[in-house]
Protein chains: 4
Amino acid sequence: MSQNKISISEIKSHNQSDDCWIVVDGQVWDITSFAPEHPGGPGIIYKYAGRDATAAYNEIHAPSIIKNGLSASANKGVVDQSTVTKEWSEPLPDETPKAAPKPSSEKPPLDSIINAHDFEIQARNTSTAKTWAFYSSASNDLVTRDLNASLYSRILFRPRTMRRVATIDTRTTLLAMARLIHPDGELAIARACKTRKIIQSISNNASYSAADIVSQPEVSDHPFIFQLYVDKRKEKTNALLAKIKSHKNVSAVMVTVDAAAPGKREADERVKADESIENPMQKNKPKNDKKGGGYGRLMAGFIDPDLNWDYISWLRSEIGYDMPMLTKGVMSADDVKMALDIGLDGCVLSNHGGRNLDTSPPAILVLLEIHARFPEIIRDHHPNSASVKAGLTRPFSILVDGGVRRGTDVLKCVCLGAVSVGLGRPVLFATGYGQEGVEHLIDIIRDEFEVAMRNCGLTRIEDCGPEYVNSGDIDHLVSKSRGHPYAVGWKAQMALQSKL
Amino acid sequence: MSQNKISISEIKSHNQSDDCWIVVDGQVWDITSFAPEHPGGPGIIYKYAGRDATAAYNEIHAPSIIKNGLSASANKGVVDQSTVTKEWSEPLPDETPKAAPKPSSEKPPLDSIINAHDFEIQARNTSTAKTWAFYSSASNDLVTRDLNASLYSRILFRPRTMRRVATIDTRTTLLAMARLIHPDGELAIARACKTRKIIQSISNNASYSAADIVSQPEVSDHPFIFQLYVDKRKEKTNALLAKIKSHKNVSAVMVTVDAAAPGKREADERVKADESIENPMQKNKPKNDKKGGGYGRLMAGFIDPDLNWDYISWLRSEIGYDMPMLTKGVMSADDVKMALDIGLDGCVLSNHGGRNLDTSPPAILVLLEIHARFPEIIRDHHPNSASVKAGLTRPFSILVDGGVRRGTDVLKCVCLGAVSVGLGRPVLFATGYGQEGVEHLIDIIRDEFEVAMRNCGLTRIEDCGPEYVNSGDIDHLVSKSRGHPYAVGWKAQMALQSKL
Amino acid sequence: MSQNKISISEIKSHNQSDDCWIVVDGQVWDITSFAPEHPGGPGIIYKYAGRDATAAYNEIHAPSIIKNGLSASANKGVVDQSTVTKEWSEPLPDETPKAAPKPSSEKPPLDSIINAHDFEIQARNTSTAKTWAFYSSASNDLVTRDLNASLYSRILFRPRTMRRVATIDTRTTLLAMARLIHPDGELAIARACKTRKIIQSISNNASYSAADIVSQPEVSDHPFIFQLYVDKRKEKTNALLAKIKSHKNVSAVMVTVDAAAPGKREADERVKADESIENPMQKNKPKNDKKGGGYGRLMAGFIDPDLNWDYISWLRSEIGYDMPMLTKGVMSADDVKMALDIGLDGCVLSNHGGRNLDTSPPAILVLLEIHARFPEIIRDHHPNSASVKAGLTRPFSILVDGGVRRGTDVLKCVCLGAVSVGLGRPVLFATGYGQEGVEHLIDIIRDEFEVAMRNCGLTRIEDCGPEYVNSGDIDHLVSKSRGHPYAVGWKAQMALQSKL
Amino acid sequence: MSQNKISISEIKSHNQSDDCWIVVDGQVWDITSFAPEHPGGPGIIYKYAGRDATAAYNEIHAPSIIKNGLSASANKGVVDQSTVTKEWSEPLPDETPKAAPKPSSEKPPLDSIINAHDFEIQARNTSTAKTWAFYSSASNDLVTRDLNASLYSRILFRPRTMRRVATIDTRTTLLAMARLIHPDGELAIARACKTRKIIQSISNNASYSAADIVSQPEVSDHPFIFQLYVDKRKEKTNALLAKIKSHKNVSAVMVTVDAAAPGKREADERVKADESIENPMQKNKPKNDKKGGGYGRLMAGFIDPDLNWDYISWLRSEIGYDMPMLTKGVMSADDVKMALDIGLDGCVLSNHGGRNLDTSPPAILVLLEIHARFPEIIRDHHPNSASVKAGLTRPFSILVDGGVRRGTDVLKCVCLGAVSVGLGRPVLFATGYGQEGVEHLIDIIRDEFEVAMRNCGLTRIEDCGPEYVNSGDIDHLVSKSRGHPYAVGWKAQMALQSKL
């Protein structure tokens with residue numbers, strides 16, 4: 001079907017919040033009714049009202065999203081290229097990157113990058129301000145984001161020497177999840193994970209659809225984990241799961257449980273807010289926008305805030321017991337216990353990189369909380385435990401993410417009972433170098449991990465245990481009882497009294 | 001009655017400490033006998049001896065204060081406008097603001113302000129040095145002021161996931177108290193509190209009189225708390241209370257108990273001290289002024305340092321048992337216990353924003369001290385407790401203020417048993433944008449609060465409990481016994497021996 | 001007796017280390033044999049070989065020292081003023097002060113100084129580099145010097161409210177000790193202490209001799225404490241004590257016990273070291289000077305390193321039991337106990353301002369150690385204790401110094417059982433303003449102290465007790481047992497075994 | 001035998017990785033087959049392919065190394081000096097030192113250096129970037145390197161006063177190990193150690209061979225410790241030991257046990273990485289070099305990663321029981337216990353200056369761990385213990401290194417039971433001043449040590465005990481049990497269950 005050609009002057013006339021067209025990849029879209037529901041807030045869309053939004057769109061979204069997300073009637077046609085003017089083609093002033101991104105050939109060579117911090121520095125230097133704000137931002141005052149990383153430095157090793165460590169056997173799993181800094185995005189990550197035997201998790205929030213990623217020929221025989229954000233329209237989730245299950249290389253489902261309310265990521269909000277200052281469209285913005293307190297709140301529009309254990313139970317049987325199922329975003333030992341009791345196969349201790357709730361606990365603290373409160377979870381259900389190996393108990397896998405930047409961080413988690421450790425932002429930053437960058441990052445972390453194992457006197461993952469770490473500097477941060485130590489009994493008392 | 005017209009040259013001749021006239025809003029006042037008792041010290045008044053003090057006066061005081069505060073005979077007449085010269089009209093050099101305050105239209109738009117810190121930055125950038133010093137200063141080395149805020153960042157949440165949090169019900173109360181950054185001052189705050197259903201407390205130290213504020217038509221049906229500074233002339237206090245009780249929307253009385261001696265707010269004192277350097281009047285200042293150690297000491301001249309529990313008991317019955325009465329400025333669990341035992345309805349844990357006694361404990365520590373030492377106060381007397389609900393015990397409300405800047409801070413207090421949380425400086429700073437600014441601030445805090453509740457798995461205030469917070473990082477700062485742990489028995493021993 | 005006149009050219013010819021003359025106040029001294037024993041090291045003297053050292057001398061020493069210290073034969077005569085040249089009169093380049101010291105009239109007015117920190121800033125800005133290095137320096141890495149001050153900020157108050165605090169009664173004692181920043185030095189301090197009813201302690205290391213100070217007419221009826229540095233030539237000490245006892249206003253003797261070896265005050269040493277670089281005299285300096293490790297080691301040449309309890313006992317009876325005697329420089333609870341048991345009247349917990357042994361404990365920690373290990377010392381021997389008042393036990397006074405900069409610091413010490421608190425450096429810095437400066441400092445500290453008492457709900461010194469402070473943040477720093485907690489028994493075991 | 005003369009143009013033609021000649025001290029070497037095994041990685045060698053590497057070589061290696069390390073056939077001849085060009089003689093651009101190293105006469109005089117920090121600053125200012133990176137670098141994020149030093153500042157003394165300290169007797173031993181900052185390198189150190197009665201340890205990784213060092217005539221009667229890196233080719237180690245034992249002044253052997261895997265010293269790696277950027281040779285570098293993760297990994301090529309207790313036992317008897325044998329690099333109390341039980345004579349608590357495993361524990365923590373877990377090791381086996389002196393138990397010596405910069409640090413170690421303390425980097429930095437510099441450093445540390453002893457009231461090493469230190473600030477960092485406190489029983493449980 002040939003598409004309607006639309007002139008630039010026509011497009012430019014639809015530049016109001018109540019009549020808003022934008023152009024993406026030459027396609028003209030009427031975005032008027034969608035804009036208020038845009039996960040990234042309407043402000044950024046209104047900025048491109050009557051304009052070409054291709055560059056901004058591609059920085060965040062995969063090509064298929066807009067087509068799948070909007071109704072067919074929203075597509076007005078294609079740009080009449082004969083009407084394009086020089087002024088039309090020029091970028092808006094604030095699209096200028098913070099520092100002009102160097103062409104890949106001018107970047108420092110990958111060889112000169114020797115740790116995860118280098119990737120971050122490189123990404124900061126070459127991203128646009130907007131992209132950097134999005135990836136680096138976290139909730140409120142960044143307390144949790146910073147704790148995530150700093151707590152690892154406060155855990156010491158207890159190395160043993162004089163053990164034969166010439167050959168070591170590491171079979172740990174690094175999880176990766178990424179959006180776009182490099183045009184290849186998750187596709188490149190997937191290929192890198194394949195060559196490095198790392199499992200990637202892909203969410204339905206990814207830049208590319210999970211289907212696009214897992215069906216790449218190069219990775220068709222490599223396992224993936226599908227990370228599910230449950231839609232408040234349950235039928236959408238069900239359809240998605242059915243589609244995903246059709247891909248044989250999806251080997252587990254991980255349900256995101258920590259996104260009940262989107263966090264306030266202020267660096268990210270601030271870039272938007274700054275834009276709004278210079279944006280002429282803001283003048284006819286409805287006044288109660290401001291009172292709403294920032295656009296970021298709209299971001300998780302489709303995610304179900306009423307997610308609950310009943311639904312998880314239902315989902316558990318719906319997905320089928322042959323497909324491992326985990327929860328991701330667990331921040332308390334109680335919820336780990338709950339996941340075990342309800343029949344799940346594991347959970348990911350995570351605070352979403354500190355992006356949702358500031359002063360929420362780092363995963364490593366929750367891992368220590370499990371040891372303090374429910375030691376049996378690790379003792380009897382760790383896949384390497386004697387109990388599981390003897391077939392007496394079923395395995396339950398605890399994964400950890402947030403703040404991991406070094407192989408030593410990974411080893412500390414493994415010693416404390418994590419079966420796997422996830423890397424988020426570092427992988428994103430490495431994506432700037434494409435597949436090769438991600439591979440280099442994984443090689444770095446793995447090398448650091450192996451050096452640390454050897455220098456601790458360890459040669460096998462199953463030998464790693466808590467006796468190799470000393471968390472004395474952070475033990476006072478671990479919740480050791482169900483209630484607050486100085487508030488024993490208030491609620492308990494109430495419960496008791498109400499039973500009398 | 002037509003007023004006497006006084007020429008500028010006449011006014012200018014009364015420029016000595018023993019013959020001191022000033023002009024405010026065109027009125028000429030003989031301030032000679034009042035100056036030494038000026039709460040802000042005589043120095044600032046002497047600076048304007050024989051001059052027009054209108055601008056300086058209005059920055060701090062409401063119009064009615066001078067009229068009500070001085071005797072009629074102090075009024076000498078009005079300025080003879082025909083004698084005004086150009087030199088007379090020019091401001092003194094040090095009235096120049098730190099940075100020239102931008103007209104409201106040039107300020108960054110309210111939209112670009114996304115948290116309480118932003119309001120503070122904005123206020124610092126646009127206030128005069130004197131105003132900023134007054135509002136931001138605190139006692140001595142600012143240890144308590146800074147602890148007030150930093151301790152909140154050291155309390156972690158213990159979030160629970162997978163709970164239905166689509167709809168939440170928050171009925172918490174933010175208290176606000178303000179003086180002037182914006183000409184509308186407390187009037188604007190009152191109106192904003194009304195639209196946001198927040199209770200404002202007004203003190204008899206406010207820029208506008210409490211009567212002015214509560215009798216605004218827009219807020220006539222909105223409740224207020226009256227914060228009382230007890231005058232050493234008890235009859236003044238009694239008269240004030242009688243007047244206040246006549247306003248039906250004054251719903252509680254809060255007696256300030258932490259102002260026994262005014263603190264040494266050095267940033268504030270320093271501005272005055274600097275002024276004194278350039279002030280020619282200082283030459284005939286009595287020498288023992290210096291030995292007095294700064295003007296600030298005179299500031300609380302009218303406040304009764306002999307306030308005591310007997311008076312509180314008497315006041316309790318005088319005010320009447322139908323009017324809730326609280327103490328404000330409590331810094332020890334013992335004084336909370338005392339307030340409960342003596343029959344009050346609650347108290348406000350507060351160190352006056354760190355303005356009175358440096359290294360006094362932040363309210364959150366006192367709240368934890370209550371849990372550690374008198375858990376029954378919260379367990380059995382919290383308005384939401386089973387015991388109160390069953391009518392077995394009477395309710396006692398604990399409020400908290402100092403250092404609260406985030407909705408997460410509020411939630412931590414509520415989880416630990418506070419029924420309400422007060423905001424001081426942030427509200428003042430928001431007042432720079434008038435009523436709309438205060439509303440925006442309240443919206444920001446409330447949004448942050450609700451996001452935090454959801455992400456902790458909470459939907460109702462009464463579900464908030466200590467099991468949702470982890471104060472492990474600050475528990476060592478909590479006083480856990482009556483005596484000092486390393487000094488058991490010294491005084492006790494003395495008491496014991498003296499009984500033998 | 002008329003003195004020999006000596007020409008400038010003659011003086012200048014004695015400019016070698018083995019033939020070294022200097023001029024002080026017009027007097028010509030042959031200092032060849034004294035120089036190697038100079039407490040400040042020979043380097044500084046050699047720098048002035050054949051020159052006028054008056055300015056440098058007066059910066060450190062009182063006029064009488066050189067006359068009393070050198071033999072009569074060392075005096076060669078007076079400068080023949082007719083031979084003085086312009087070149088002779090010019091100062092050496094490195095005598096230039098860091099910032100040219102402003103004449104007193106240009107200094108900021110005393111009014112603008114509102115706390116002890118201000119005095120320090122003022123002193124730093126106006127002292128020569130050499131003087132500042134001498135006063136501000138402390139041992140090695142300054143750990144103890146900085147801890148001395150910072151620990152106070154980590155102790156919180158536990159204030160009580162609603163107590164009648166209109167009138168308060170403070171009879172605490174501030175000790176002061178000073179050398180020279182102002183020409184009047186200790187003389188000014190003595191007069192200020194008199195007007196403020198503060199006891200001054202004077203050492204035999206002071207710039208002016210103790211006799212000069214206590215015999216000033218203005219202070220003849222004001223009590224002093226004599227601080228004794230015991231000379232290794234015991235007869236010198238005995239003579240000194242006899243002389244001191246003849247002054248009726250010397251009311252106590254305080255024996256310095258923490259100067260067994262002079263500390264390495266590097267800022268101080270560095271200034272000297274730098275001088276040596278440019279000093280031509282250094283060329284013929286014996287090479288093993290360098291190996292000696294710095295001149296500072298020579299500084300305490302006359303102090304007896306073999307001071308011991310036997311001598312203290314002997315001194316106790318020698319001085320007489322009617323003269324109170326204390327030790328100063330005690331850094332362990334054990335030595336406090338020893339002082340009590342041996343019959344002394346008290347001791348001063350002090351680490352010499354951190355000048356002798358880096359990482360030695362701040363006095364406040366030793367005070368807490370007493371509570372932890374020998375609570376009876378304070379409980380039963382504090383002059384205000386019930387036991388002493390009843391005549392059952394003898395009084396033993398614990399004094400504290402080091403790092404005290406605020407009235408709140410003083411109150412914390414008093415609450416923990418100190419009967420008095422000493423101020424060192426702040427008094428020195430205040431001396432830059434002469435007597436009036438010291439009075440101003442005392443007034444500031446006293447005002448801060450009284451405000452703190454009132455705001456804690458305290459009105460009498462004897463009501464101050466440990467229940468008013470919360471040292472939770474530093475309790476882990478307190479030594480709680482005789483041995484190291486992780487090393488129980490090694491030495492004990494040795495002792496035990498050796499008895500078997 | 002006269003050597004073949006080779007022209008510059010011939011040499012320059014061998015500039016590929018598969019045909020690589022270099023010139024050192026006029027000798028031409030074919031280094032093609034050795035380069036990939038170069039401990040410092042091949043990159044640095046390829047940079048000099050076809051060039052004169054003398055300067056770079058001599059900065060790191062002693063003259064004898066290349067001759068002993070390469071086969072005779074690798075020597076191609078000598079440079080034909082008649083063919084040398086100006087271009088040939090010029091250094092490569094990146095050999096330029098960071099700051100041009102001053103000729104010794106321009107350095108600040110040794111007198112002006114008053115502590116170990118000064119030596120470090122001096123070394124940083126005058127080394128080439130490469131040399132500085134090598135010496136100062138440590139593993140990963142430098143957590144351990146910095147903790148090594150900072151923990152000492154957090155241990156306080158518990159000084160006793162009033163003890164006769166005029167004469168003291170110190171017979172502690174400082175160990176030193178050095179490579180090259182000064183051409184004389186270890187030779188100078190050895191001579192300085194001799195004059196100062198300090199024992200030097202020399203490794204088979206030293207710049208000069210151990211044989212060269214110990215056979216210097218000046219030190220022929222001074223004892224040395226030989227530090228052994230065990231070669232994976234055991235016959236090499238055996239030959240080395242035989243040779244070493246022939247030197248009568250080698251009095252002990254210390255086996256390095258913490259180099260199982262070389263750490264990732266990023267500053268060091270980064271310099272190399274930067275070089276690689278500009279190095280044209282890198283273009284034909286095999287691609288998997290990058291994947292290997294940096295050259296540093298190759299550095300310990302010859303060290304045996306399969307070193308184990310069985311080998312140590314064998315070595316013990318091989319070396320002979322009359323030669324004391326220790327392990328160096330012990331980081332856990334368990335390995336100390338093991339060393340004692342297996343019959344060794346002591347061990348060195350060390351984390352290799354933080355160079356191998358980041359977040360490994362500082363030696364001082366391991367020393368405290370011994371007290372907490374195996375107090376009998378020190379109590380019954382310290383050479384000064386009553387038990388050893390009575391002949392009931394055999395002596396076992398614990399040595400400590402890492403982060404020691406002050407005499408006070410040394411005293412803390414000695415009080416906690418160390419018989420000796422090692423200095424690494426400070427000695428290297430002092431070597432910049434040759435033998436005299438090392439002597440000055442030792443004098444400084446010894447003076448600081450003696451002052452600290454005196455001020456603690458100590459006069460003999462055997463009186464030093466844990467009761468003189470207060471480690472309260474770091475005790476929470478000490479591992480107190482075999483397992484992790486929050487993970488009791490997981491592995492134990494596994495072990496238990498597997499026995500059932």
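Reply: Helices (H or I, at least four residues) and strands (E, at least two) are DSSP runs, numbered from the N terminus. This is a predicted model, where local features need pLDDT of at least 70, side-chain atom pairs count only at pLDDT 80 or more, and totals for chains, interfaces and linings use all residues. Residues are numbered from 1 along each chain as its sequence is written, while chains are lettered from A and ligands numbered from 1 in the order in which they are written.

Me: Which way do the residues of β13(B) point?

Reply: G346(B) and V348(B) point one way, with C347(B) and L349(B) pointing the other, and all four are buried. (Buried means 20 or more other C-beta atoms, placed from the backbone, within 10 Å of a residue's own; exposed means 12 or fewer, and partly exposed is in between.)

Me: What do β12(B), α15 and β13(B) make?

Reply: A right-handed β-α-β unit, with helix α15 of chain B at residues 333–341. Right-handed means that, with the strands pointing away from you, the path from the first strand over the helix to the second runs clockwise.

Me: Which residues of helix α15 are buried in chain C?

Reply: A333(C), D335(C), V336(C), A339(C) and L340(C) are the buried ones. Looking down the axis of α15(C), you'd find them within an arc of 160°, so they line one face of the helix. (The arc is that of the directions from the helix axis to the C-beta atoms.) An α-helix has 3.6 residues a turn, so residues three or four places apart point the same way. The buried residues of α15(C) pack against several elements of chain C, including β12, β13 and β14. After the helix comes G343(C), with a positive phi near 100°.

Me: Where does L142(C), which is not a glycine but has a positive phi, lie?

Reply: L142(C) is in the loop between α7 (129–136) and α8 (143–153) of chain C, and its phi is about 65°. It has 19 C-beta neighbours inside 10 Å, so L142(C) counts as partly exposed. K197(C) is also a non-glycine with a positive phi, about 60°. Look for K197(C) in the loop between α9 (185–196) and β9 (200–203) of chain C. Because K197(C) has 13 C-beta neighbours inside 10 Å, it counts as partly exposed.

Me: Which residues have the most contacts inside the largest nonpolar core?

Reply: L367(C) and L367(D), in a core of 211 residues. (A nonpolar core is a set of buried Ala, Val, Leu, Ile, Met, Phe, Trp, Tyr and Cys residues joined through C-beta atoms within 7 Å.) A second, separate core has 210 residues, among them F396(A), L228(B), I398(B) and V400(B).

Me: How many helices and strands does chain A have?

Reply: Chain A has 22 helices and 16 strands, and buried residues make up 53% of its 500 residues. In one of those helices, α7 (residues 129–136), sits W132(A). W132(A) has 21 C-beta neighbours inside 10 Å, so it counts as buried.

Note on methods: Two residues are in contact if their C-beta atoms, placed from the backbone, lie within 7 Å.
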